[in-house]
Amino acid sequence: MRDGLILLASADREARKACGSYVVGVDAAGNRSQEPAAYTFTVPWQLPPPSRPTLDLTAPETSGRGAQLTVSGQLSAAPYSSGEVVHVLKSDLAHPTGVALPDAPLSTDGTFRIADVPQVGGANTYAVTYPGDSTHQAVNASATVQVSRNAAAVSITTDAPSYGYGATARITAHLGTTYNERTLAIYAQPYGGRKTLIETGTVDSHGNLATTYKLTRKTTFTAAFAGDYRYAPATAATTASAYAKVSESLSGYYGSTHYGGLLYRVYHHTAKAKLNITVTPDKAGQCVKFQIQRYDSDAWHTQSTSSCHALSTTSTSYATVTLTNAAGSKFRMRAEYVHSTKDTGNLSTWGAWQYFTARK
């Protein structure tokens, strides 16, 4: 007692601590100028902070589409009050931002079970949240189940197995049965180059998507289906070859004429016919051969085929022919690029015949 005041704390102290407060009574005994009085007031009690539970989820790695699966969970720091639940949000290909599933009841020991029958294949992610209570903090976790999808049939073809340098190939990709997606992408990857997208779009009523591409070297074409709700991603590839390009020209002639509609260059019999060649793409250091034929008795006869000549640093070469004693004769000449084991980008290629004749 002090200055006529008597403080009486509530008798059930522990019970009120559990409620987060003390109830305190104050009696004033009074004095010559004041009547006796009684007061009651509540003093807040600081509760311990809520515990931070852990949330463990157990789910199958894979499941069949349309089959029931179960995700089970365990919250630590039990017990939990009756009526508590966890919230469930599922995301899949059809619901990338998630769709709410029914809340799962939480047992007093912190366990719960989530049952689901996924209708969409691919990754199904279950995000679970416990919102917390007066003695437990909120916590969340997620688990992902790969749900099976059917195999999609994808194929790709070209209209020829090989093409001349710079020729245009027609590529057709085909997509079989799917559920809700009919888009294909077509990629091209030239030998030694990067894979690039050359066409994408919805297949036609026959399941086809077609495009064109100019080949300068061996190229791999790939058709890709990204998958849909019920069919898995799929790819198919095919490779088309390309010939190198041999460009040729004659030099040293003094005139031109035609025989049978063919252009002939005219040389003096004391001159040398020179065939200049360039191979594209750059094949510096690789092999080129020359062949010459002479027209006699209404037929062409091979006079000689050279051994390999190494292409220069600019991928060029040349050959000369002496025309002494060849006056009045007709000739033709060409070059062949012969690819080596080091060159898997282009096929061996003959150039076109170059025609010439010698006169006195």
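Is C287 buried or exposed, and what is its relative accessible area? C287 is buried, at a relative accessible area of 12%; buried means under 20%, exposed over 50% and partly exposed in between, with a 1.4 Å probe and protein chains only.

The model is predicted: local features need pLDDT of at least 70, side-chain atom pairs count only at pLDDT 80 or more, and totals for chains, interfaces and linings use all residues. Residues are numbered from 1 along each chain as its sequence is written, and side-chain values use heavy atoms, with hydrogens and water left out.

**Overall composition**

The protein chain has 1 helix and 30 strands. These elements are DSSP runs numbered from the N terminus, with helices (H or I) of at least four residues and strands (E) of at least two. Of the 360 residues in the protein chain, 35% are buried. Among contacts between residues at least 6 apart in sequence, 61% join residues at least 24 apart, where contact means heavy atoms within 4.5 Å.

**Disulfide**

The structure holds 1 disulfide, a term for a pair of cysteine sulfur atoms within 2.5 Å. The bond joins C287 to C308, with an S to S distance of 1.9 Å. The link is left-handed, with -85° about the S-S bond. C287 belongs to strand β24 (residues 287–296) and C308 to the loop between β25 (299–305) and β26 (309–310), so distant parts of the chain, 21 residues apart, are linked. C308 is partly exposed, at 45% relative accessibility.

**Aromatic residues and charges**

There are 9 aromatic pairs in the structure. Rings of Phe, Tyr and Trp (its six-membered ring) pair if their centres lie within 6.5 Å; planes under 30 degrees apart count as stacked, over 60 as edge-to-face and the rest as tilted. One of the pairs is Y253 with Y267, edge-to-face at 6.0 Å centre to centre and 80° between the planes. Y253 lies in the loop between β20 (245–251) and β21 (255–259) and Y267 in strand β22 (residues 262–268), so the pair ties together parts 14 residues apart in sequence. Y253 is partly exposed, with a relative accessible area of 32%, whereas Y267 is buried at 0%.

One aromatic cluster is formed by Y259, Y264, Y295, W300 and Y355. Two charges sit over rings, as tabulated below; the criterion is NZ of Lys or CZ of Arg within 6 Å of the ring centre and within 35 degrees of the ring normal.

| Charged residue | Ring | Distance to ring centre |
|---|---|---|
| K330 | Y259 | 4.2 Å |
| R334 | W350 | 3.8 Å |

**Nonpolar cores**

A nonpolar core is a set of buried Ala, Val, Leu, Ile, Met, Phe, Trp, Tyr and Cys residues joined through side-chain atoms within 4.5 Å. The largest has 23 residues, and V154, I156, I171, L184, L215, F221 and F225 have the most contacts inside it. At least two residues of this core come from each of β12 (154–158), β14 (168–175), β15 (183–190), β17 (208–214), β18 (219–225) and β19 (234–242). Beyond its neighbours within four places in sequence, V154 contacts H174, L175, L184, A223, F225, A234, T235 and A236. Another core, of 22 residues, lies apart from it and includes V246, A319, L323 and F356.

**Strand β4**

β4 pairs with strand β6 (residues 69–75) in the antiparallel sense over 4 bridges; strands pair if DSSP finds at least two bridges between them. The bridge partner of D56 in β6 is Q74.
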